[in-house]
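Student: I would like to learn how to read a structure like this one. Please take the features one at a time.

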Amino acid sequence: MRAVRVLSAALLTLGLAAAPAAADSSPSPEASGDSGGPTRAGTSFRTATEVEQGQTATARASTGDYLYWSFPADAGQRPTVRTTVKLPESHAAETWQVDVYDGLRRRQACQYGAQTRTAGPGTTSVELACVLRTVRAWSEPWANDPLPGTYYVRLTALKLSADDLGQPVDAELRVESKDMGGAAAVDGSLSAPLVPGIASRPEDESDDSSSAVLAGLEPEDGWTSGWWSDRWIWTAAGGALAALAGVFGYRLTCGPGRPRQVPPGA
């Protein structure tokens, strides 16, 4: 019975430890009162404007322009990209599309969401959305799985009439992620996130050595890709539960043992 009590206490401890990890699987909260997002957009991958998750980025452009933003996404996150384009009062039918690319500039498919929409004449705005697959900590070289690093968003109009080219539009972008927890964990990790190297600078002014300067943005808690995830807690809890079941099974099959009044060897 002492072994049973010890295993029960261990299981209770693991359950308490697993509670915060389970809470981490909930969607990330929106940034409160964050109005300091960028107010411009790039025109290519190299000039993409960096946006933090939870920020709202805005840009004023002309119909026909290609607008680019970038944001960081870590392993276990499932990013959702939402864009809104405010159109001029008078325009013909326009088809808008948002595309998302990973750090290797591979186009990532959307799990769901209105990635392409057509705004009819008189429509004041068009809203687009793209929910990506969960970012993996590691993947096979031949696979097209989303990996930790910088992601690029491209917004543009696909079908325009000649009269609508160059008309002013206002674009708005917001990226948020849901933490999928240990259910999305995989064995292995990248040696470094897929972020662009944009320049080089000396590590120390008195040292001639230099290192690559990577993208300026990263997840709030840093890049956490690695072998650890909350699934290890649930694995340990499952092992403790199996051991506890084994002890109970042994007690049931062995019975109460030799009665006190029966001498040994009788």
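Student: Which residue in E6 is the bridge partner of Val 100?

Tutor: Two strands pair if DSSP finds at least two bridges between them. Strands (E, at least two residues) and helices (H or I, at least four residues) are DSSP runs, numbered from the N terminus. Here the bridge partner of Val 100 in E6 is Gln 108. E5 and E6 run antiparallel and are joined by 2 bridges.

Student: What should I know about the model before going on?

Tutor: It is a predicted model, in which local features need pLDDT of at least 70 and side-chain atom pairs count only at pLDDT 80 or more, while totals for chains, interfaces and linings use all residues. Residues are numbered from 1 along each chain as its sequence is written, and side-chain values use heavy atoms, with hydrogens and water left out.

Student: How many helices and strands does the protein chain have?

Tutor: The protein chain has 2 helices and 13 strands. Of its 266 residues, 37% count as buried. Buried means under 20% relative accessible area, exposed means over 50%, and partly exposed is in between (1.4 Å probe, protein chains only).

Student: Which other strands pair with E5?

Tutor: E5 pairs with strand E8 (residues 116-119) in the antiparallel sense over 4 bridges, and Glu 94 stands opposite Ala 119 in E8. E5 also runs antiparallel to E10, with 7 bridges joining them. In that pairing, Thr 95 stands opposite Lys 159 in E10.

Student: Which residues point each way from E5?

Tutor: In a regular strand the side chains alternate between the two faces of the sheet. In E5, Glu 94, Trp 96, Val 98 and Val 100 point one way. Thr 95, Gln 97, Asp 99 and Tyr 101 point the other way, and all of these residues are buried.

Student: What phi does Arg 105 have?

Tutor: Most residues other than glycine have a negative phi, and most peptide bonds are trans. Arg 105 is not a glycine, yet its phi is positive, about 60°. Arg 105 lies in the loop between E5 and strand E6 (107-108). The hairpin of E5 and E6 has 5 residues between the strands. At 43% relative accessibility, Arg 105 counts as partly exposed.

Student: How many residues are in the largest nonpolar core?

Tutor: A nonpolar core is a set of buried Ala, Val, Leu, Ile, Met, Phe, Trp, Tyr and Cys residues joined through side-chain atoms within 4.5 Å. The largest one here has 29 residues, and those with the most contacts inside it are Trp 69, Val 81, Trp 96, Leu 155 and Leu 173. Strands that each supply at least two residues of this core include E3 (67-73), E4 (77-86), E5 (94-101) and E11 (168-179). Apart from it lies another core, of 5 residues, among them Ala 48, Tyr 68, Tyr 101 and Tyr 152.

Student: How many aromatic pairs does a search of the whole structure find?

Tutor: A pair of aromatic rings is described by the distance of the centres and the angle of the planes. Rings of Phe, Tyr and Trp (its six-membered ring) pair if their centres lie within 6.5 Å; planes under 30 degrees apart count as stacked, over 60 as edge-to-face and the rest as tilted. The search finds 4 aromatic pairs. Phe 45 and Tyr 152 form one that is edge-to-face, at 5.3 Å centre to centre and 85° between the planes. This pair links distant parts of the chain, 107 residues apart: Phe 45 is in the loop between helix H1 (2-23) and strand E1 (49-50), and Tyr 152 is in strand E10. Tyr 152 is buried, with a relative accessible area of 5%. Ring pairs link Phe 45, Tyr 68, Tyr 101 and Tyr 152 into a cluster.

Student: Which residues form a disulfide?

Tutor: A disulfide is a covalent bond between the sulfur atoms of two cysteines. The cut-off used is a pair of cysteine sulfur atoms within 2.5 Å. The structure holds 1 disulfide, formed by Cys 110 and Cys 130 with their sulfur atoms 1.9 Å apart. Cys 110 is in strand E7 (residues 110-112) and Cys 130 in strand E9, 20 residues apart. The link is left-handed, with -100° about the S-S bond. Cys 130 counts as buried at 0% relative accessibility.
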